[in-house]
Each structure stands twice: as structure tokens, then as C-alpha cells.
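Subject: Structure for you to look at

Hi,

Here is the structure I promised to pass on.

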Amino acid sequence: MLAAPRLPYYPGPVHLDLHRHLEGSHSPAALLEVARTFDIRNPLFFDAAGDRFRTEAELAPAVTMDGPSADAGVFYDRIVKARAAYVSVPAIAALAVRAFREAAADSDGFEMRLSLFSMTRTLIEQQGEAWKAVAPVAFAERARPILLAVLAARDQVFAETQVPMVVRLGLSRTFESEAHYRALADMVVEHAGALVGLDVLGIVAGADREPMPAALVEILTALRRHLPDLTIHAGELAGHESVDRTLALDPRGIGHGVRSLENPATLERLAAAGVTLEVCPTSNHLLINEEVAAITRMHGAAPLPALQRAGVHCVLGSDDPTPMGTSFRHELEVATRIGVDMGRLEADARRRWTEMTGQTL
Ligand SMILES: [Zn+2]
């Protein structure tokens, strides 16, 4: 599941980033290095008039949000732009190595989430094909080298740094094709031993921002025989009822979940079930600014310390450092500033790590 950490027990504080996405972890420096190495002359990276690759300062505004926006499309646009570098499996491998190195330098251990469907779809499109024209099993075989490249990047960077790191497979509730998801899941089972669990992510438009199609639940249920540790994004773009609905699927973690603070009964259920919320303060500040302000007024504290006071297990995450212009170190500073009980945060992170991996840090 993961290579053994360098020590059986870390005596000092351990700061674990337990909610971080690979697609949101391509820094401008990494994107430009890969663009140069693979000669990607996309206008995002290359200034044709000047016949030169752009500088980090020129690229950064295109891939980073410049402030809060209630329109999740603004965030998603930044993710989509960075995908311009997914031109080949070696290019994705190079980006993954950079992303793992940067995450290792930014924390004492971390979990990286891999949106394998969207990366595969993007690669196929970048190579000039329509992904829907690729049959499901063939699609899964196009995904396999991406998965193996990401796992190899993890192993390489662990060997270099000895920083504990695990990879979680993300499945999107956007659920573009049941047949392609099923084939992808069948392929992933063969590599389940190299993964730490499953995540449900993705932003959809419409009245219900966090639906879970029945066929996706079926696929998750089958996959959980091989990857039991399930996390689900909820209680972020949608209210506490999305967390209540999610709890019926018995996840071990909930991505964000801060809007549970809108309902005392939801908080009680979370505390009783021992489910861990993965709280990402800067992400929430950018994407659900007004909701966070209302929760803060209601509780007289920011969401993370309020959740701690309600007896809910919480860990900290950077979410998508590049589009959100943050780092895990910055999230630690924010957590300190907003009154988080840092000792308790660390204890919850260690507890969660052991729950996921069976290993004690
Ligand atoms: Zn997330």
C-alpha cells in the first residue's frame, strides 16, 4: 500500500496533508518545465509572437484564482487550463513526479488524489481522438499506463525523500459514461494494493450539486471490496443534507463537510460515526465564501475550530494548491490563526493515517 516510513514513530509534531488533488498540484514552474521538455507550444505556455516559453509570473494568473467566486466554474477553468500539459503519458509522469516532490516538501506526509477518468479523457482528447469513440475496455487500457506512471512517481519520490505518501483513486460524480467507469473500475481492481482508498469528487451544475447516480454507487460498492476506505466530497457546495445523504454510504472521510455546521443533528451523526472531515480553509474561503461567513457568525468561530468543539474528527488539506494559490504550510498558518486546536488536529491526522494504512506515524 505504501512504502514504510523512515521511522516507526515520529517524536515531534507531524503535519499531514490529507486532502490534496494531483490535478490541482501542477505548479506554474512544473507546468513550464514539462512544456519545455515536451515542446508543448500551447499558447498557455508558449508566446508564439515572442518565440519563447512564458515565465512563471506570466503563467500563474491563468492557472490561479484571483479571489473568492461563488461560481465553481471559475475554479474548474483553472484545472482545465493546466490539463493542457497532459499531452502524453511521459508528460503526465513528469508532472506527477514534480507534484509529489512539491507535496513532500510541503508536508510531513500526504495523500494525493488521482482523477484517473478525467486525466485519461483529457489525454485522449489531446491526442486528437474523441474519448467517447474509444470503447470502454480500450479506454481503461489507456488509463492503466497513467495510473502506473503516477504510482511510479510516488515510489520514486518516496525513495528520494522518505516522506510517507499514499494515493487515493477519485471517481467523479459527473459520471460521463457508466460503461467507461465500469471498465475503469475493473482495471483499477488489479492495482488496488497500490492504492489507499476511493474518493468521490467533481462539481456538477444544477439544483443538486452533489448527486450520486445509482450506477456510480453500485460501482463504488463493488470497488470497496478491494478498496474499503471511502471518502466523499459533500457539505461544501451543497448544504448539510448532502452530508446526511453521504453518511448513508458509510464513508470514513468526508471532503470538506463544513456545512454540517448548519445542522446540530448532522454534527451529532458525524461525531457518533467517528467520520473524519477533511477541512481545507483556503479552498472554502474561495469557493463558499458566503456560506463560511454565515457559519462563522452562527458559531462564533471558523468552521474547523467549530467542528472540533462539536467533537467531530478533523484533518487539514490543501485541496488544489495551484488554482487556489495556497500550500499546505499556508493552511497550517491559517489553522493556527483561526484558533484550531493544533494538538488535536495532529492527533486526528495520525489517527486517520493509521485507519487508512494500518501504519502508525
Ligand atoms: Zn477536494
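**What I found**

Let's start with a loop: Asp 250 sits in the one between helix 9 (240–247) and strand 8 (253–256). By "helix" I mean a DSSP run of H or I with at least four residues, and by "strand" a run of E with at least two, both numbered from the N terminus. Asp 250 is not a glycine, yet its phi is positive, at about 55 degrees. It counts as exposed, with 11 C-beta neighbours inside 10 Å. The cut-offs work like this: a residue is buried if 20 or more other C-beta atoms lie within 10 Å of its own, exposed if 12 or fewer, and partly exposed in between, with C-beta atoms placed from the backbone.

Before going on, please keep in mind that this is a predicted model, where local features need pLDDT of at least 70 and side-chain atom pairs count only at pLDDT 80 or more, while totals for chains, interfaces and linings use all residues. Residue numbers run from 1 along each chain as its sequence is written.

Asp 319 lies between strand 10 (313–316) and helix 14 (321–324). Asp 319 also has a positive phi without being a glycine, about 65 degrees. Is Asp 319 buried or exposed? Asp 319 is buried, as 30 other C-beta atoms lie within 10 Å.

**The whole protein**

There are 16 helices and 10 strands in the protein. Its C-alpha trace spans about 55 × 50 × 45 Å along the principal axes. A compact globule of 361 residues would have a radius of gyration near 21 Å, and the protein has 19 Å, which agrees. (That radius is taken over C-alpha atoms, and the globule rule is 2.2 Å times the number of residues to the power 0.38.) Of the 361 residues, 47% are buried.

Two residues are in contact if their C-beta atoms, placed from the backbone, lie within 7 Å. Of the contacts with a separation of 6 or more, 73% are between residues 24 or more positions apart.

In soluble globular proteins, nonpolar side chains tend to be buried together. A nonpolar core here means a set of buried Ala, Val, Leu, Ile, Met, Phe, Trp, Tyr and Cys residues joined through C-beta atoms within 7 Å. The largest one has 97 residues, and those touching the most other members include Leu 31, Ala 96, Phe 100 and Ile 146. Which helix gives this core its largest share? That is helix 6 (residues 136–161), with 10 residues. Leaving out residues up to four places away in sequence, Ala 96 touches Leu 22, Ala 149, Val 150 and Ala 153.

Helix 6 has 26 residues, which should span 38 Å at 1.5 Å a residue; its end C-alpha atoms are 37 Å apart, which agrees. (The expected span is 1.5 Å times one less than the number of residues.) Its buried residues include Phe 139, Ile 146, Ala 149 and Val 150. Among the elements covering the buried residues of helix 6 are helix 4 (89–105), strand 4 (109–115) and helix 7 (178–189). Phe 158 is in helix 6 too, and is buried with 20 other C-beta atoms within 10 Å. Just after the helix, Gln 162 has a positive phi of about 65 degrees.

**A strand pair**

Strand 5 (residues 165–172) pairs with strand 6 in the parallel sense over 5 bridges; two strands pair if DSSP finds at least two bridges between them. Leu 201 in strand 6 is the bridge partner of Ser 172. Strand 6 (residues 197–201) is mostly covered, with 4 of its 5 residues buried.

**The end of the chain**

In helix 16, Leu 345, Asp 348, Ala 349, Arg 352, Trp 353 and Met 356 are buried. Seen down the helix axis, the buried residues of helix 16 fall within an arc of 140 degrees, so they line one face. (The arc is that of the directions from the helix axis to the C-beta atoms.) The face turned away from that buried side carries the exposed residues Gly 343 and Thr 354.

Leu 361 is found in the segment after helix 16. Leu 361 is partly exposed, with 18 other C-beta atoms within 10 Å. Leu 361 and Gly 109 are 252 residues apart along the chain, and their C-alpha atoms are separated by 9.3 Å.

Happy exploring!
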